[in-house]
Amino acid sequence: MGLKRCAKPNEDDACFKEAERTQAVLPHLAGRAPVGSSSIVGAVLKKQCTRTERLHGGEVEETLVLGAACSEVLSGPRLAKVLRPAVDLQRRALEDLAEGKASEPLSIHTSAGLPSPLGAFVEALSAHLPWSDAGADWFLNLQLEGATAVWAGVEALMRLQQVSDKTSAGPQRGYLAVGERSYHGPKTTALGQPAEARWPGAPRTQGQVPYPLPTGGDTDAEHESFLRRFDAFLDEHAQYLGVILFEPQWGSSFAGRPWPKRTLQEAIQRSRARGILVLCDEIMCGLGRHGQGTLFLSKAWGLEPDAVTFGKSIAAGPFPMSGVAVRKGARALGVAGSKVVQCHTYAGSSALALLTAREVIEEVPKWFEHAAHMGEVVAEILGPCSDGKFFQVQGLGLMWGGLFVDPDATQRQKALALLRDACKQEGVWPYFVPAGGFMMTPPMDIDESELRDGLQRLVRCLSSVRAQLAEM
């Protein structure tokens with residue numbers, strides 16, 4: 001069944017009236033379309049797992065949102081369950097405030113104090129840390145979204161390197177290694193390659209050194225070829241590198257492609273052998289989405305990084321929250337009197353986010369096995385579309401993607417435009433990525449029949465794109 005469109009809902013529908021007001025202000029928004037565009041999708045009216053009603057062109061369209069970039073983790077009764085403690089706190093606070101009483105703070109600037117639910121969240125997270133020897137020296141830095149969590153991880157590890165540099169005779173390690181094609185947040189203000197200027201006309205920021213990436217295959221020849229290139233990179237740059245940043249399963253830069261496991265393990269070992277600290281960015285692939293039976297992919301694969309980031313929907317989506325866990329160094333930084341700079345007004349300040357994140361950490365492991373099985377369903381239905389000539393499918397668990405593989409970038413973008421149109425008509429909406437393809441990251445508790453429906457729609461969309469390109 002493809003896209004459903006219906007006339008305007010009941011004019012007395014309050015939600016629809018608010019949606020129309022939002023549609024009217026689209027020309028004043030700067031975001032995921034050219035500034036001033038009114039052709040983007042409008043306000044969402046209702047949502048049940050992937051089934052979404054949204055305003056588009058004055059009508060309501062119904063579509064299956066399979067993408068949304070890991071912004072949702074649970075749905076339906078499970079989402080209600082993890083949100084309940086935060087809602088209860090809000091209710092109690094509203095009642096106290098209305099009566100002029102002191103209330104539990106919903107948020108508190110961390111210069112004034114800490115939110116009470118912080119302890120329970122940290123205890124819950126500590127049970128899932130990705131290290132075999134996590135002792136009492138690990139520490140957290142909480143943030144609001146992925147880009148700043150990565151920055152926080154880099155800063156913490158660089159400060160540890162700085163403490164180490166003071167006791168060694170070698171050169172100062174102030175540079176950061178990042179993948180030659182990578183995304184860790186908006187390129188103007190975050191890390192990633194190719195780097196971009198912070199604003200038009202500005203010089204590019206310095207400090208990032210791009211390292212070579214594997215081709216994606218896991219044959220012995222591909223494994224050895226990458227390691228030769230990686231060793232050459234280390235030979236040239238290692239003495240100046242303080243930190244190297246890996247994304248165990250890539251997000252939008254490679255549309256869900258996982259690193260070959262043994263290749264990543266070896267790259268990390270070789271980096272650490274050169275004195276480089278390792279940060280694994282699991283903003284996208286964490287929370288068990290990878291289907292390997294643990295919260296962090298780093299733990300499932302035995303990567304033993306020096307730090308790991310988390311974020312996206314760790315607070316279920318309604319509350320922004322992210323952070324980085326650092327394996328050790330709390331004692332050393334404390335003795336050195338070193339404090340982190342990556343700390344701001346709302347970083348770690350929300351009692352609502354912390355309450356919800358604890359509930360998410362308790363609930364999500366119940367869905368690890370389901371995520372693995374859904375990964376098998378994706379491979380079954382979407383896998384046959386992967387021919388290596390027209391399209392390539394890749395992923396793990398409930399984080400998958402696909403890329404058009406035409407060597408001509410213009411052709412890939414043409415295919416992407418056709419895919420968007422086909423998805424609009426078919427009533428399915430993945431997360432379209434600039435590289436020329438899409439990602440799928442539905443809620444962890446998606447029903448198998450609903451996932452199969454969405455995947456079959458995507459297969460029809462890809463078939464339509466292939467046919468249209470053949471006629472051009």
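A nonpolar core is defined here as a set of buried Ala, Val, Leu, Ile, Met, Phe, Trp, Tyr and Cys residues joined through side-chain atoms within 4.5 Å. Buried means under 20% relative accessible area, exposed over 50%, and partly exposed in between (1.4 Å probe, protein chains only). The model is predicted: local features need pLDDT of at least 70, side-chain atom pairs count only at pLDDT 80 or more, and totals for chains, interfaces and linings use all residues. Residues are numbered from 1 along each chain as its sequence is written, and side-chain values use heavy atoms, with hydrogens and water left out.

The largest nonpolar core holds 104 residues. Phe121, Phe246, Trp259 and Leu382 have the most contacts inside it. Contact means heavy atoms within 4.5 Å. Beyond its neighbours within four places in sequence, phenylalanine 121 is in contact with Leu140, Leu142, Phe310, Ile314, Met321, Leu354, Ala357, Arg358 and Ile361. Another core, of 19 residues, lies apart from the largest one. Val150, Leu160, Leu176 and Ala307 are among its members.

The chain has 12 helices and 18 strands. Both are DSSP runs, numbered from the N terminus: helices are H or I with at least four residues, strands are E with at least two. The radius of gyration is taken over C-alpha atoms, and the globule rule is 2.2 Å times the number of residues to the power 0.38. For 472 residues, a compact globule would have a value near 23 Å; the chain has 23 Å, which agrees. The C-alpha trace spans about 70 × 70 × 50 Å along its principal axes. Of the 472 residues, 50% are buried. Among contacts with a separation of 6 or more, 71% join residues 24 or more positions apart. The chain exposes about 21200 Å², and carbon and sulfur atoms supply 53% of that area. Accessible areas come from the Shrake-Rupley method with a 1.4 Å probe; for residues, only the protein chains shown count as cover.

Helix α10 (residues 368-382) has 15 residues. From first C-alpha to last it reaches 21 Å, close to the 21 Å expected at 1.5 Å a residue. The expected span is 1.5 Å times one less than the number of residues. Phe368, His370, Ala371, Met374, Gly375, Val377, Val378, Ile381 and Leu382 are buried in α10. They cover an arc of only 160° around the axis, which puts them on the same side of α10. The arc is that of the directions from the helix axis to the C-beta atoms. The face turned away from this buried side carries the exposed residues Glu369 and Glu376. The buried residues of α10 pack against β14 (391-396), β15 (399-404), β18 (437-440) and α12 (448-471).

Helix α5 (residues 220-237) has 18 residues and reaches 26 Å from its first C-alpha to its last, close to the 26 Å expected. Its buried residues are His223, Phe226, Leu227, Phe230, Phe233 and Leu234. These cover an arc of only 120° around the axis, which puts them on the same side of α5. On the other side, Ala221, Arg228, Asp235 and Glu236 are exposed. Cover for the buried residues of α5 includes β6 (175-179), β9, β10 (241-246) and α6 (261-273).

Most residues other than glycine have a negative phi, and most peptide bonds are trans. Cysteine 49 has a phi near 55°, a positive value in a residue other than glycine. It is found in the loop between β2 (44-48) and β3 (51-56), and is buried at 11% relative accessible area. Phi of cysteine 70 is near 60°, also positive. Cysteine 70 is found in the loop between β4 (59-65) and α2 (76-98). Its relative accessible area is 1%, and it is buried. The peptide bond from glutamine 193 to proline 194 is cis, with omega near -5°. Proline 194 is in the loop between β8 (191-193) and β9 (208-211).

Tryptophan 429 is in strand β16 (residues 428-429). It counts as buried, at 14% relative accessibility. Its contacts outside four places in sequence are Val41, Arg54, Thr63, Leu64, Val65, Leu66, Gly67, Arg420, Cys423 and Lys424. The C-alpha atoms of tryptophan 429 and leucine 458 are separated by 8.6 Å, with the two residues 29 apart along the chain. Glutamate 20, in helix α1 (residues 14-25), is partly exposed at 30% relative accessible area. The C-alpha atoms of glutamate 20 and leucine 55, 35 residues apart along the chain, are separated by 8.0 Å.
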